[in-house]
Amino acid sequence: MAKLYFKYGAMGSSKTAQALITKYNYEENDMKVWLLKPSADTRDGANILRSRIGLEARVEIATPDVNIYERFSTDFAGRCDAVIVDECQFLTVEQIDQLRQIVDDYNVPVMCFGLRTDFRTRLFPGSLRLMELADAIEEIKTMCDCGAKATVNARIIDGYIVTEGAQVVLGGNDSYIAMCHRCYIQGIREHRKIRLHGQNEQ
């Protein structure tokens, strides 16, 4: 039986690379993959999914008004062996339900890759729904600079951790850093200057 998978990790845990490698593995075995990402993720431009290590592929964009189940039923049913979704935290709750329905009605595996929580350590609505519905939930681990497992996506502005603002602000190593919860809290309490990866100490 097919499953709905939620594979989550903090920023920098190679989620997109794993999504693209999974796609490649299917296609290497002559299987068809429908690759999706939400329209909220515009960092790599339209119709491109690109990992930090340079892997990339063409991807279909899902706007919030798209019914993913109907799109699959019309254009992919019987001609698709797997659905892979990157940045799944930006999907609507209804779209997560639609992915669940694809698994149930068509016995096609759906693999969702994304963040669990935002910069305030609160669940994204799409991620919360996946935690409720997924058959398999797997953490893709990455490390804090202190060596502990990173679980927080800290948003950095002018060198400092911020805890207020819009939930969705796109960015990569220029705006976010993965941290363990202890370092995150200490950074806030001490108002400590945080060096983002790829930037020189100031």
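So, aromatic pairs: the count here is seven. A pair means rings of Phe, Tyr or Trp (its six-membered ring) with centres within 6.5 Å; planes under 30 degrees apart count as stacked, over 60 as edge-to-face, and the rest as tilted. Take phenylalanine 6 and tyrosine 8, a tilted pair with 5.6 Å from centre to centre and 40 degrees between the planes. Both phenylalanine 6 and tyrosine 8 are buried, and by buried I mean under 20% relative accessible area, with exposed being over 50% and partly exposed in between (1.4 Å probe, protein chains only).

Before I go on, a word on where this comes from. This is a predicted model, where local features need pLDDT of at least 70 and side-chain atom pairs count only at pLDDT 80 or more, while totals for chains, interfaces and linings use all residues. Residues are numbered from 1 along each chain as its sequence is written, and side-chain values use heavy atoms, with hydrogens and water left out.

Back to the rings. Tryptophan 34 and phenylalanine 72 have ring centres 6.1 Å apart and planes at 35 degrees, so that pair is tilted. What does it tie together? Tryptophan 34 sits in strand β2 (residues 33–38) and phenylalanine 72 in helix α2 (residues 68–75), so the pair links parts that are 38 residues apart in sequence. The helices (H or I, at least four residues) and strands (E, at least two) I'm naming are DSSP runs, numbered from the N terminus. Tryptophan 34 counts as buried because its relative accessibility is 4%, and phenylalanine 72 counts as buried at 1%. Ring pairs also join Trp34, Tyr69, Phe72, Phe76 and Tyr106 into a cluster.

Tyrosine 69 lies in helix α2 and is buried, with a relative accessible area of 17%. Which residues does tyrosine 69 touch, leaving out those up to four places away in sequence? They are Gln98, Gln101, Ile102, Asp105 and Tyr106, where contact means heavy atoms within 4.5 Å. Tyrosine 69 and isoleucine 102 are 33 residues apart in sequence, and their C-alpha atoms are 6.1 Å apart in space.

That takes us to the helix packing. Two packed helices are described by the angle between their axes and the distance between the axes. For α2 and α3, the axes come within 7 Å and cross at roughly 35 degrees. Those axes are lines fitted to C-alpha atoms, for helices over the stretch in contact, and angles run from 0 to 180 degrees between N-to-C directions. On the α2 side the contact uses Ile68, Tyr69, Phe72 and Ser73; on the α3 side, Gln95, Gln98, Leu99, Gln101, Ile102, Asp105 and Tyr106. Sorted by type, that contact has six nonpolar residues, four polar and one charged. For that sorting, Ala, Val, Leu, Ile, Met, Phe, Trp, Tyr, Cys and Pro count as nonpolar, Asp, Glu, Lys and Arg as charged, and the others, Gly among them, as polar.

Is glutamine 95 buried or exposed? Glutamine 95, found in helix α3, is buried, with a relative accessible area of 1%. Not counting residues up to four places away in sequence, glutamine 95 touches Ala62, Thr63, Pro64, Val66 and Ile68. Glutamine 101, also placed in helix α3, counts as partly exposed at 34% relative accessibility.

Now the next helix along. Helix α3 (residues 93–106) packs with helix α4 (residues 125–133) at an angle of about 35 degrees, with the axes 8 Å apart. In that contact, Val93, Ile96, Asp97 and Arg100 of α3 meet Pro125, Gly126, Arg129, Leu130 and Leu133 of α4.

Last, two backbone spots. Most residues other than glycine have a negative phi. Aspartate 158, though, has a positive phi near 55 degrees; aspartate 158 is in the loop between β9 (152–157) and β10 (160–162), and counts as exposed at 67% relative accessibility. Histidine 191 has a positive phi near 50 degrees, lies in the segment after α5 (181–189), and is exposed at 54%.
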